[in-house]
Amino acid sequence: MEVATDDSKRDDMSFPRNGEDSAPLRHSREDFVSPRRSSKTAESNCREVFKKVPSYKKAESSNNLAARYHDVVQEQGLSGQDKGEIKRLRTVHWNEKIAPSRNLHDQALNKAWGKDGMQDGSWQVTGEIPRNILGRERETPFNVRRFSLCPKAAETGKQLLHRSRVACVNIKGLKDEVDTSIGQDNFSVSHLGVSGWDVFCVMDGHGPDGHWPSTRSVRTLPLFLRTALRDAGLIEDEIRQAMHHAFGEANLDLESMASKEKVKIFLSGCTALAVLRHPDCDSIWVGHVGDTRAILVAPGHGVLHESRDHKVSIPEERERVQNSGCRVDTLIHPDGSEEARVFLENKGYPGIMMTRSLGDLCVKKNGVIAEPEVVNWPTKDCPPGTRLILATDGAFEFLSSAEVADILFKALDQGKTDQEAVEAILEEAKGAWAEYEDDYCDDITVLMVTLDAPALPPIEVCKEKDCLAGIRTACTIL
């Protein structure tokens, strides 16, 4: 079986110069004296190079190497002029009036997946953001999230995923020991009722309010797909059109609701990965923006297909942002790896590390688009035991797709369950973070679907009097 390749893996970062102003800034390995594993020295040397790059000089505000893994610059590190401009644009956005058709508040979302979902058999499982005893959102390092099932059912979200042969872990990483900010990864598993479609989503937020777009979009994108696919057939053009429509609507929803809820969406956004599966289709559909990755893996064959990360290492992605009013600055780290960020011309922001995303309004008209790349992966002739894995870059930062596949099948060969195999991937990823960056770990989400398992099953919706009340009145938590 032919193995698909990923163009985003190309090592060539020598961008052609399109004039002095558009040429990326680069710094050589000789700027450093020690490898990344010597964290204190590397931290000092990394700061020195940050100071040599105008964009990073404005953005440099972190006390450790965590800044390296922020997908956008930190606002408090910007110049006074850039801060003022962001504040002005944000105020204008927050004062905009939301059209009634876009006022999809949380109560309406709960109703869409709760009462309305009951009508056509739809349901959704997502990661639940923890709250303290006062009801405030707080999350400790390495917190493993519980799952929320909407509508309420006789089983929990965790039990339903197990019955569906779907395994998942969704954890916050480690920024520092006293950090209680909300982790920015989230996921959803959605059954779209009578249409028969199943949707699997994983999203990774970034920026000051990055948890908000990821948590919201894992709920809204499948909802927009449910509407778009309701009357669509199993026709390629209609499926592709539905995927593009849903991503566009999810991005517009973030823009409108951020205004209402006063979310800092100009420097906040998320990756978005959605996979569509239908029992009568001999293929799955993958749509994504950003660097959250999907891989299709099979025992004895390794990686059959993988999505490509949307970064400036892809020539057409780099060309689009550079032709739309952005520049690309590149920094080389002590281990030789390269970090390329996208900035608005003559600005110290956003410093985004991807070329497509949801949110990030400051560059939405400058080439960092919300338009998904949609591909079709045939599944009819896949070997028995083929798995679909969706994971954020917290899992793939130090592990290749092939290594993740090896970890998975080694665990399964040892007799471990699907959930235990996913947890093995998590532990390997956490171990890699501890080895390379002992005081920092990104959020990690891994979702795995057994390809030859039946479609997601219907649920038995329980009556209100038979259910324990959860945080969300329409949903079951666990």
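Colleague: Which residue in β17 is the bridge partner of Ile-171?

Modeller: The bridge partner of Ile-171 in β17 is Ile-444. Before going further, please keep in mind that this is a predicted model, in which local features need pLDDT of at least 70 and side-chain atom pairs count only at pLDDT 80 or more, while totals for chains, interfaces and linings use all residues. Residues are numbered from 1 along each chain as its sequence is written, and side-chain values use heavy atoms, with hydrogens and water left out.

Strand β17 covers residues 444–450; strands here are DSSP runs of E with at least two residues, helices are runs of H or I with at least four, and both are numbered from the N terminus. Seven of the seven residues of β17 are buried, so the strand is largely enclosed by the rest of the structure; buried means under 20% relative accessible area, exposed means over 50%, and partly exposed lies in between, with a 1.4 Å probe and protein chains only. Ile-444, Val-446, Met-448 and Thr-450 are buried on one side of β17, and Thr-445, Leu-447 and Val-449 are buried on the other, which leaves both faces covered.

As for its partners, β17 pairs with strand β3 (residues 166–171) in the antiparallel sense over six bridges, where two strands count as paired if DSSP finds at least two bridges between them. Strand β16 (residues 387–391) also runs antiparallel to β17, and five bridges join these two strands; Ala-391 has Val-446 as its bridge partner in β17.

These pairings belong to an open sheet of five strands in the order β3-β17-β16-β9-β10, with antiparallel pairing. At the edges stand β3 and β10 (302–306), each with a single partner strand, so one side of each is left without a neighbour in the sheet. Neighbouring strands of this sheet are turned by 20 degrees against each other on average, direction ignored; axes are lines fitted to C-alpha atoms, for helices over the stretch in contact, and angles run from 0 to 180 degrees between N-to-C directions. Towards the β10 end of that order, strand β9 (residues 293–298) runs antiparallel to β10 and is joined to it by four bridges, with Ile-295 standing opposite Glu-306 in β10.

For comparison, another open sheet has three strands in the order β11-β12-β13, again with antiparallel pairing. Its edges are β11 (326–332) and β13 (350–352), each of which has a single partner strand, so one side of each is left without a neighbour in the sheet. In this sheet, neighbouring strands are turned by 30 degrees against each other on average, direction ignored. Strand β12 (residues 338–344) pairs with β13 in the antiparallel sense over two bridges, and Val-342 has Ile-352 as its bridge partner in β13.

The axes of helix α11 (residues 401–413) and helix α12 (residues 418–436) come within 9 Å and cross at roughly 140 degrees. That makes α11 oblique to α12, since angles under 35 degrees count as roughly parallel, over 145 as roughly antiparallel, 65 to 115 as roughly perpendicular and the rest as oblique.
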